[in-house]
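Come along while I look things up one at a time.

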Amino acid sequence: MRAVVTRPGAGRAWVAEIPEPTFANTDDVVVEMLRVGVCGTDRHVMARARGDGSGLPPDTDYLVLGHEAVGRVINVGTHVQHLKAGDIVVPTVRRGCGECPACAVGQADLCFTGRIRERGIVGLHGFLAERIVDKEENLIRIPDELAPVAPLVESLCTPEKALRRIGNARAHLPAKAGPLYGVQRALVIGAGPIALLAVMALRLRDIPTWALARSPTDSPAVRLIQQAGATYVPLQEVDLEQPQAQLGGFDAIIEATGAAELCVAMFGALGPNGVLDLVGGAAERNEVPIQASVLGAMVGRNLTVLGSVNANKDDWQTAVRDLSEMRRAFPGTVEAILTHTFDMDDVDVAFERVPGQIKAVINIAGA
Ligand SMILES: [Zn+2]
Ligand SMILES: [Zn+2]
């Protein structure tokens with residue numbers, strides 16, 4: 001069968017003829033892939049130079065890419081209980097280490113050892129293939145009508161977990177009324193798919209929301225922010241020394257750019273008892289200055305700063321529900337996030353970033 005593969009450090013992906021996946025266990029499910037989203041993680045995997053071959057699945061010298069996927073069940077093992085041929089499913093990505101207490105209860109997003117594997121990213125083949133096999137427990141059934149946009153379920157998991165953690169961090173507050181323990185004003189930093197879905201998830205909960213990014217005000221991403229009923233403010237118009245003076249204080253902030261200077265600046269945009277959740281991690285080794293008074297304000301205002309990665313199965317289920325709700329609440333916006341569609345044969349250009357692109361998806365041949 002055909003698949004889009006890479007080799008760490010190759011810097012590119014190509015179409016290869018690879019063996020069919022093994023359908024051997026009674027809880028296995030065979031899925032015909034329909035479409036797969038691409039993102040910066042794929043480019044990172046292609047560029048990652050790992051001479052020792054770690055990161056590749058055992059006994060192969062290539063990795064099938066793709067982790068934002070949707071497919072149709074075509075065969076099930078004898079012990080599969082809840083899925084049948086024809087069902088539309090989204091596969092989860094992370095597989096536990098098998099050693100730690102978090103992975104033991106299906107919460108690989110909280111893995112203590114870090115020895116996790118992720119399909120299409122590290123240690124396991126991904127979903128950019130004509131067919132995949134996975135266990136029933138790793139497949140989320142979705143409504144048929146969600147299939148065209150379902151690669152976004154994986155992207156939406158990240159803000160869903162961020163919202164869950166923001167709620168947890170505010171659970172001690174007296175203001176129990178309303179979503180997320182009384183969040184009255186929320187801010188999202190960024191204009192990529194995760195940031196846009198975070199904005200929509202907040203608006204779905206009727207929370208007044210602002211978005212801050214470098215995008216031109218006439219860009220497709222800004223139109224989507226406004227269609228979801230959020231207020232867009234261009235980053236270049238904000239004094240990052242004192243963002244609160246201009247924007248007011250926020251009860252919850254989701255930082256989705258990973259730019260360290262912005263993460264630090266957003267401490268200053270938190271109102272009393274505010275929570276800042278970082279979902280885009282910076283990897284560079286550069287110094288970012290931070291005023292001592294920022295830490296003083298953290299104490300004085302009971303601020304919480306946390307980071308969150310990946311998501312658990314409940315977050316995936318919430319993402320499926322919310323994506324359906326978003327299509328009803330903000331007609332056309334979810335579909336408009338998918339700005340570019342490619343076929344497997346377009347692999348040379350499918351991973352390029354082009355102006356105006358929010359999310360590109362690859363349709364699997366024969367689907
Ligand atoms: Zn991704
Ligand atoms: Zn673990």
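Here are my entries, going from the whole chain down to single residues.

**Entry 1: the whole chain**

I note at the start that this is a predicted model. I looked up the secondary structure and found eleven helices and 19 strands in the chain. Next I checked the radius of gyration, which is 21 Å, close to the 21 Å from the globule rule for 367 residues, so the chain is as compact as a globular protein of that length. Along the principal axes, the C-alpha atoms fill a box of roughly 60 × 45 × 40 Å. I also looked at burial: 41% of the 367 residues are buried. Then I turned to contacts with a separation of 6 or more, and 67% of them join residues 24 or more positions apart.

**Entry 2**

I went to an open sheet of three strands and read its order as E2-E1-E4, with antiparallel pairing. Which strands stand at its edges? They are strand E2 (14-17) and strand E4 (63-64); each has a single partner strand, so one side of each has no neighbour in the sheet. I followed strand E1, residues 2-6, and saw that it pairs with E4 in the antiparallel sense over two bridges. Thr6 has its bridge partner in E4, and that partner is Leu63.

I then found an open sheet with the order E7-E8-E9, made of three strands with mixed pairing. Strand E7 (94-95) and strand E9 (123-124) are the edge strands here, each pairing on one side only. Strand E8, residues 117-119, runs parallel to E9 in their pairing, which spans two bridges. For Glu118 I wrote down Gly123 as the bridge partner in E9.

I looked up the domain assignment, which gives domain 1 as 2-141 + 332-363 and domain 2 as 156-307. Taken over C-alpha atoms, their centres are 29 Å apart. How many residues does each domain put into the contact? Domain 1 gives eight residues and domain 2 gives ten. On the domain 1 side, helix H10 (residues 333-337) gives the most, with three residues. I sorted the residues of that side as well: three are nonpolar, three are polar and two are charged.

**Entry 2: the largest nonpolar core**

My next stop was the largest nonpolar core, which has 96 residues. The residues with the most contacts inside this core are Val153, Ala195, Leu196, Ala198, Val199 and Ala211. Helix H4, residues 193-204, gives the most to the core, with nine residues. Why does the core lie between the two domains? Domain 1 (2-141 + 332-363) and domain 2 (156-307) both give residues to the core, so it lies between them.

Leaving out residues up to four places away in sequence, Val153 touches Val90, Trp316, Ala319, Val320 and Leu323.

**Entry 3: helix H7 and its surroundings**

I finished with helix H7, residues 260-267, and asked which of its residues are buried. They are Leu262, Cys263, Ala265, Met266 and Phe267. What do these buried residues of H7 pack against? I listed two helices by name, helix H6 (243-247) and helix H8 (292-300). On the strand side, my list reads strand E12 (186-189), strand E15 (250-255), strand E16 (270-278) and strand E17 (304-307).

Note on methods
Residues are numbered from 1 along each chain as its sequence is written. Chains are lettered from A and ligands numbered from 1 in the order in which they are written. This is a predicted model: local features need pLDDT of at least 70, side-chain atom pairs count only at pLDDT 80 or more; totals for chains, interfaces and linings use all residues. Helices (H or I, at least four residues) and strands (E, at least two) are DSSP runs, numbered from the N terminus. The radius of gyration is taken over C-alpha atoms; the globule rule is 2.2 Å times the number of residues to the power 0.38. A residue is buried if 20 or more other C-beta atoms lie within 10 Å of its own, exposed if 12 or fewer, and partly exposed in between; C-beta atoms are placed from the backbone. Two residues are in contact if their C-beta atoms, placed from the backbone, lie within 7 Å. Two strands pair if DSSP finds at least two bridges between them. Domain bounds come from an automatic or database domain assignment. Ala, Val, Leu, Ile, Met, Phe, Trp, Tyr, Cys and Pro count as nonpolar, Asp, Glu, Lys and Arg as charged, and the others, Gly among them, as polar. A nonpolar core is a set of buried Ala, Val, Leu, Ile, Met, Phe, Trp, Tyr and Cys residues joined through C-beta atoms within 7 Å.
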